[in-house]
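Trainee: I have a structure open and would like to learn how to read it. Could you walk me through it?

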Amino acid sequence: MIIFDKVNKWYGTYHALADVSAEVAKGEVVVVCGPSGSGKSTLIRTVNRLEEIQKGNIVFDDQDIYAAKLDLNHFRARVGFVFQSFNLFPHLSVAENIAVAPVNVLGVKRADARVRALELLERVGLASKADAFPGQLSGGQQQRVAIARALAMDPPAMLFDEPTSALDPEMVGEVLQVMKQLARDGMTMICVTHEMGFAREVADRVWFMDQGRLIETGTPEEFFGNPQSQRAKKFLADLRNH
């Protein structure tokens, strides 16, 4: 579903991503972890070209995302992306937030888009909030709306960029629960997260990054039980101490 081939990115002289090569299979859940500044969020944001790369290549669902003829807006509409900070439209109701892209990008009729929005709100446990506004919701509820909004475009894969890091601890579980259900339903997912319990329970594979490099990949059992690199061993030891 997603292929990174020798991906490199620089910010000026800072080498943010260095020769990252990896693949995500259809239906696979990959959790990307590593210390702050290791390139995790930069990597995930290259998939829909929120971050441009200078060298290498990325393929998404058999599409070269740097092909000259790529319609970038059309392509981005197919990549579900959930940010740290929700990014909901404050002046639109919850249902309108979910329906706005299908109506304006895919040309779906408003009535049909609302029906789909209500289905998705049911799926994320917020059926009663359809006509509320984002400012009336908790952070955890807003993030669940953001997930429903991404799902409204029927994306073949979902990307999560630290979706729980802006939430109070008691709200983290409700968002992870929705993500777990998506994984059980077979959604292809890349999740940048510090939630190691989620990685153990849900990930098919864990990618560990440090200083812009993909240091090691493995199953949760391999990574947590027997990390190969000194850097990963230190990272896990620091987590346990914390």
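Predicted model: local features only at pLDDT ≥ 70, side-chain atom pairs only at ≥ 80, totals over all residues.

Mentor: Residues are numbered from 1 along each chain as its sequence is written, and side-chain values use heavy atoms, with hydrogens and water left out.

Trainee: Is threonine 188 buried or exposed?

Mentor: Buried means under 20% relative accessible area, exposed over 50%, and partly exposed in between (1.4 Å probe, protein chains only). Threonine 188 has 3%, so it counts as buried.

Trainee: Which strand holds threonine 188?

Mentor: Helices (H or I, at least four residues) and strands (E, at least two) are DSSP runs, numbered from the N terminus. Threonine 188 belongs to strand S8, residues 188–192.

Trainee: What is the strand order in the open sheet?

Mentor: Two strands pair if DSSP finds at least two bridges between them. The order of the six strands is S6-S7-S8-S3-S9-S10, with mixed pairing. Strands S6 (79–82) and S10 (213–218) are the edges, each pairing on one side only.

Trainee: How many bridges link S7 and S8?

Mentor: Five, in the parallel sense, with S7 spanning residues 157–161. Leucine 159 stands opposite isoleucine 190 in S8.
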